[in-house]
Amino acid sequence: MAITFLHTGIYLTLILLSVLVVFYAERKVAAFMQDRLGPMETGKFGMLQAIADLLKMIQKEDIVPEKADKTLFKLAPIFIFAVVFTGFCALPLAADFQASTINIGLYFVITIISLDVIGLLIAGWSSNNKYALFGAMRAVAQIVSYEIPVGLSVLAVVITCQTLDLQEICFQQSTFINPNSSTGETHNYLLGIKALGVDVSQWGGIFTWNILRSPILFIAYIIYFIATLAECNRAPFDIPEAESELVAGYHVEYSGFRFAIFFLSEYAMMLLTGILAAILFLGGWNSPLPNIGSLKLYEWTTGVPGTWASIIWGIFWTLSKSILALIVHIWIRWTFPRLRVDQLMYLCWKVLTPFALVVLLVSSFWKILSI
Amino acid sequence: MKYFTDILAGIKSTRKGLSLTLVHILQARHRRKNNNVANSNYFNEQNGLVTLQYPAEKLPVPDIGRYQLANEIDDCIVCDKCAKVCPVDCIEIEPIKAVEDLGHTSDGTPKKIHAAVFNIDMAKCCFCGLCTTVCPTECLTMSKEYDFSTFDITDMNFKYSDMTLEVADEKRKLLAQFQAEKEALKASAAAQKPASVPSTEETQNKENEAPKPKMVFKPVIKKP
């Protein structure tokens, strides 16, 4: 019980800290891309801007529209955040740091991502506002569609790793052997081709990451990345929140703390998909530095599982990889204009889905090469 | 085939767009420093952040520009030309003729009038600069100050008179006394020489005449 609370506390703190960092980065990166300075007044270089915004939102009046379905209206933000936060419990942040050690963690997380849709629909429906309902409808159509390429690209990883256990997937990308291994895979070959005869099992680092264990997964990662952009309602796929046409989409009627919760869960969702991508494709808690001869860079910067160093390094690497992915999200957001609905669906069903199917096929053949 | 060329075009334009914003991010290390438009290098500086952190950093103001009006009251001869030429009537002047000698302005013009009130309402001002061109002693000029926004609009009515109400009252009394003395002097002079009293006929004629149109005051713009 105490361990559960400890985990909850640590995960919540890490999420909040990462969201603060990403929120600040969002403003600064946007400003730099547009040749502006961004926030400069709150604290040195405006570093307290995110905290100032949070304080502002907490002070605001809590408005519930009179014609809204009050129960559902109040429930929606809590529901969405609860759903996203539940997703985190299956994510291993380090070798020995996972809130819930479930062996179908990947399946669980993918399900949780879909559940988010219900929260959005509740919010849009209960607001009793045309913009909110439009936004919610669009969000549902978009997220349900983009489940398909996400699922297929994740399946490509499952084929390579032969498991749904996220901790096992991380261990396969390390030089260490999972004590609870269900697959018994211990050897990694360069680019996943046994015939090359280069055993990289002890190199570690970037050479044992999934994108290099099976290079076709790099394309899977790109498909996953684009699809998660759409799942998080991020620009250029932000038609559910399209400011210029729908004001704010499903959360248009929300204010103050409830809006802050929406905001938080949106960023937490991005972080969730970012961490999942880091685990599936970019080595999870593994350091990117390989061992070079007697220079054991990988072991120094990852730590042996079971030690405190490994937990701290693990959390550091997982979070930095996912935050890096989120910064690319921001980069994309401030570069591209919004897609039209038909373009969005075209991209999903006619481009991403067939390509994901091909990647799935190729990765299963690639798996044969490594046996 | 169009399907694949479309995808390829999409990838290419995506890369192009991302590289464009990336270049801007990399250039964000520099800030544009050449803020003075008078600088010959001004238009050559194309890259870097443009933000000006206003109260801390300010753009240099050109030497000849129309900003806040400033009046050097010691040099003012209270000629009222500025108030007359002002198209929006933002200058309010209450002159009191001086009885004593007021001395000279810094350019040697004799001062004869006190300014009991000399207010310039910058909230009304249209920044045409006419008042500065008609000013004979060049005491009314446009300064380089442009940030004079206030919380209360009445604070934008700038008061240039250095005369307190009591002093103004005293001067008014002095003037009234002086005029009374003058009238008395005139009356006694008239009493001594009661000649040339206009005939009643003449006065009637004068009354029948249409009143002459009042000369409209037209301040002249000095030739440089």
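Before we start, one definition: a helix axis here is a line fitted to C-alpha atoms over the stretch in contact, and angles between N-to-C directions run from 0 to 180 degrees. The model in these exercises is predicted.

**Exercise 1. Find out how H3 and H10 of chain A are arranged, and which residues bring them together.**

Solution. 
- Step 1: Start with the geometry. Helix H3 of chain A covers residues 70–88 and helix H10 of chain A covers residues 256–281; they pack at an angle of about 25°, and their axes are 9 Å apart.
- Step 2: Compare the angle with the cut-off. Angles under 35 degrees count as roughly parallel, so H3(A) is roughly parallel to H10(A).
- Step 3: H3(A) and H10(A) form a left-handed crossing.
- Step 4: Look at the residues. H3(A) contributes, among others, A:Pro77, A:Phe81 and A:Phe88, while the H10(A) side includes A:Arg258, A:Ser265 and A:Leu272.
- Step 5: Sort them by class. The contact of H3(A) with H10(A) has 12 nonpolar, two polar and one charged residues.

**Exercise 2. Work out the relative direction of H4 and H5 of chain A.**

Solution. 
- Step 1: Helix H4 (residues 105–126) and helix H5 (residues 130–161), both of chain A, pack at an angle of about 175°, with 8 Å between their axes.
- Step 2: An angle over 145 degrees counts as roughly antiparallel, and therefore H4(A) and H5(A) are roughly antiparallel to each other.
- Step 3: Among the residues making this contact are A:Leu106, A:Val117 and A:Trp125 of H4(A), together with A:Ala132, A:Glu147 and A:Val158 of H5(A).
- Step 4: By class, the contact of H4(A) with H5(A) divides into 16 nonpolar, four polar and one charged residues.

**Exercise 3. Explore the nonpolar cores.**

Solution. 
- Step 1: The largest nonpolar core has 102 residues, and those with the most contacts inside it are A:Leu91, A:Ala220, A:Ala268, A:Leu271, A:Ala277 and A:Ile279.
- Step 2: H10(A) gives the most to this core, namely 16 residues.
- Step 3: Zoom in on A:Ile279. Leaving out residues up to four places away in sequence, A:Ile279 touches A:Leu91, A:Pro92, A:Leu166, A:Ile169, A:Cys170 and A:Gly284.
- Step 4: There is also a second, separate core of 18 residues, including B:Leu69, B:Cys76, B:Ala115 and B:Leu140.

**Exercise 4. Describe chain B and its contact with chain A.**

Solution. 
- Step 1: Chain B has five helices and five strands, in the order α-β-α-β-β-α-β-β-α-α from the N terminus on.
- Step 2: Of the 224 residues of chain B, 11% count as buried.
- Step 3: The contact takes 12 residues from chain A and 11 residues from chain B.
- Step 4: On the side of chain A that touches chain B, helix H1 (residues 2–33) of chain A gives the most, with three residues.
- Step 5: That side of chain A divides into nine nonpolar, one polar and two charged residues.

Conventions
Residues numbered from 1 in each chain as written. Chains lettered and ligands numbered in written order. Predicted model: local features only at pLDDT ≥ 70, side-chain atom pairs only at ≥ 80, totals over all residues. Helix = DSSP H or I, 4+ residues; strand = E, 2+ residues; numbered from the N terminus. Parallel < 35°, antiparallel > 145°, perpendicular 65-115°, else oblique. Left-handed = near helix turned anticlockwise from the far one by under 90°. Contact = placed C-beta atoms within 7 Å. Nonpolar A, V, L, I, M, F, W, Y, C, P; charged D, E, K, R; others polar. Core = buried A, V, L, I, M, F, W, Y, C linked by C-beta atoms within 7 Å. Buried ≥ 20, exposed ≤ 12 C-beta atoms within 10 Å, placed from the backbone.
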